[in-house]
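Have a look at the sequence and the structure, and then I'll walk you through a few parts of it.

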Amino acid sequence: MRTSKLLMIPGPTNVPPRVMEALVRPIINHRGPEFEALYAEVFENLKYFFQTSWDVIPFTSSGTGAMECVVSNTISPRDRVLIPLYGNFTNRIKEIVEAYGGEAVTFKVPEREAVTAKQIEEELSREKVKMVYVVFNETSTGVAVKDLKEIARIAHEHGALIAVDAISGLGGDELLVEEWQIDFCVAASQKCLAAPPGMSMVSVSDRGWEVVNSMKPRSHYFNLKLYKKFFVERRQPPFTPVVPVFAAVNEALKMLKEEGIENRIKRHRMCAEAFYKAFEAIGLKCYAKPEFRSNTVIAVEVPSGLKDTDIRRVMREDFGISIAGGMADLRGKVVRIGSMGIVDKSMVLRTVSALECTLRQLGFKVDLGSGVEAALQVFSKYS
Ligand SMILES: Cc1ncc(COP(=O)(O)O)c(C=O)c1O
């Protein structure tokens with residue numbers, strides 16, 4: 001008999017039973033009053049998740065759909081977008097901008113780091129762009145932007161919009177969409193919200209709407225103006241929504257409100273800190289420089305002589321825990337732990353102790369219990 005499975009990948013995350021139960025409710029008419037009430041509730045509750053009174057539009061799509069929505073509603077051919085590159089998802093923004101005929105103005109951020117306000121300031125003193133589009137939490141490398149508020153201020157000072165892919169960070173780290181004046185913020189259901197995959201969302205500032213309203217949308221499915229019009233006039237989305245996921249996300253949003261977003265962020269911070277301290281105690285090296293470490297994704301270098309695929313296999317087969325491998329250039333070089341959603345002390349301790357045993361089993365010299373001890377010290381500091 002195997003213990004219950006644990007998903008410690010950077011999304012989709014473990015989903016609490018209360019949210020899973022909402023998924024199996026009978027399908028309802030998406031053009032009827034029951035769904036209209038649910039849809040309106042989701043709109044309202046998303047504002048809390050995004051910490052804003054602005055519109056937050058949900059889509060039936062994965063996160064990439066909302067990333068693309070920002071571009072298709074704001075960027076015309078040859079419009080210039082500043083995109084700092086520091087991982088897979090920053091590269092994806094570049095590809096999307098280019099697919100819509102925009103000009104991606106890019107620069108490479110040093111390895112193991114995320115972009116800083118200083119770098120954005122330097123670029124904007126040379127380059128005139130319509131938008132700055134950054135990834136808040138780069139899931140492929142486990143780095144996070146630490147001065148987003150300042151980046152948004154600098155973008156506006158230079159007459160540019162600020163768009164943020166916060167898919168793997170929103171709810172797990174501080175991001176005050178309205179206070180920081182983020183014009184477009186993108187998130188998805190399957191990360192820190194701890195809901196099933198299938199819904200993405202984008203918040204739009206007043207400044208953002210001005211630009212959207214002045215343009216001919218370049219995507220039919222992700223036409224922001226159409227979603228807004230349908231919401232205002234009918235409390236319905238323009239196209240058939242993923243009804244069960246809307247019900248589940250609404251339940252997850254209620255759970256977020258009950259916990260309080262500050263408490264959720266604190267829990268993510270505490271669990272990430274426990275992971276970092278545990279891995280250091282075991283003798284592993286984390287990929288991100290300490291000053292850029294993510295609160296939600298911990299990328300750990302694979303010790304020399306070991307294979308990432310073996311580590312992941314033993315974790316999965318012997319301990320029932322899924323962890324992720326590296327992406328693109330980091331394939332084979334790191335393993336990534338998702339510490340998000342309903343992550344808590346027991347999940348962290350179970351993962352750390354399983355990893356200690358896995359490494360020992362694979363021949364890496366490890367003091368069994370050293371990581372667990374370090375993690376426990378972090379939790380006792382917070383209690
Ligand atoms: C930072 C970031 N951006 C974009 C995406 C893409 O989201 P999806 O796979 O839901 O399209 C992910 C998914 O992991 C992500 O972590």
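By class, the shell around the ligand holds 6 nonpolar, 7 polar and 1 charged residues. For the classes, Ala, Val, Leu, Ile, Met, Phe, Trp, Tyr, Cys and Pro count as nonpolar, Asp, Glu, Lys and Arg as charged, and the others, Gly among them, as polar. Please keep in mind that this is a predicted model: local features need pLDDT of at least 70, side-chain atom pairs count only at pLDDT 80 or more, and totals for chains, interfaces and linings use all residues. Residues are numbered from 1 along each chain as its sequence is written.

Which of the 14 residues around the ligand come nearest? Those are Ser62, Gly63, Thr64, Thr139 and Ser168; a residue is near a molecule if its C-beta atom, placed from the backbone, lies within 6 Å of it. Helix α3 (residues 63-72) gives the largest share of this shell, 3 residues. Helices (H or I, at least four residues) and strands (E, at least two) are DSSP runs, numbered from the N terminus.

On to the domains. The protein is divided into domain 1 (6-12 + 260-382) and domain 2 (17-259), with bounds from an automatic or database domain assignment. Their C-alpha centres lie 27 Å apart. Across the boundary, 27 residues of domain 1 are in contact with 28 residues of domain 2, contact meaning C-beta atoms, placed from the backbone, within 7 Å. On the domain 1 side, the elements giving two or more residues are α10 and β11 (297-301), and α10 gives the most, with 5 residues. That side divides into 15 nonpolar, 8 polar and 4 charged residues.

So what else does α10 pack against? The axes of helix α10 (residues 261-282) and helix α13 (residues 370-382) come within 7 Å and cross at roughly 150°; axes are lines fitted to C-alpha atoms over the stretch in contact, with angles from 0 to 180 degrees between N-to-C directions. The two helices are therefore roughly antiparallel, a label for angles over 145 degrees, while under 35 counts as roughly parallel, 65 to 115 as roughly perpendicular and the rest as oblique. The residues of this contact include Met270 and Phe279 of α10 and Val372 and Tyr382 of α13.

With helix α12 (residues 345-361), the axis of α10 comes within 10 Å and crosses at roughly 20°, which makes α10 roughly parallel to α12.

Terms used:
Two residues are in contact if their C-beta atoms, placed from the backbone, lie within 7 Å.
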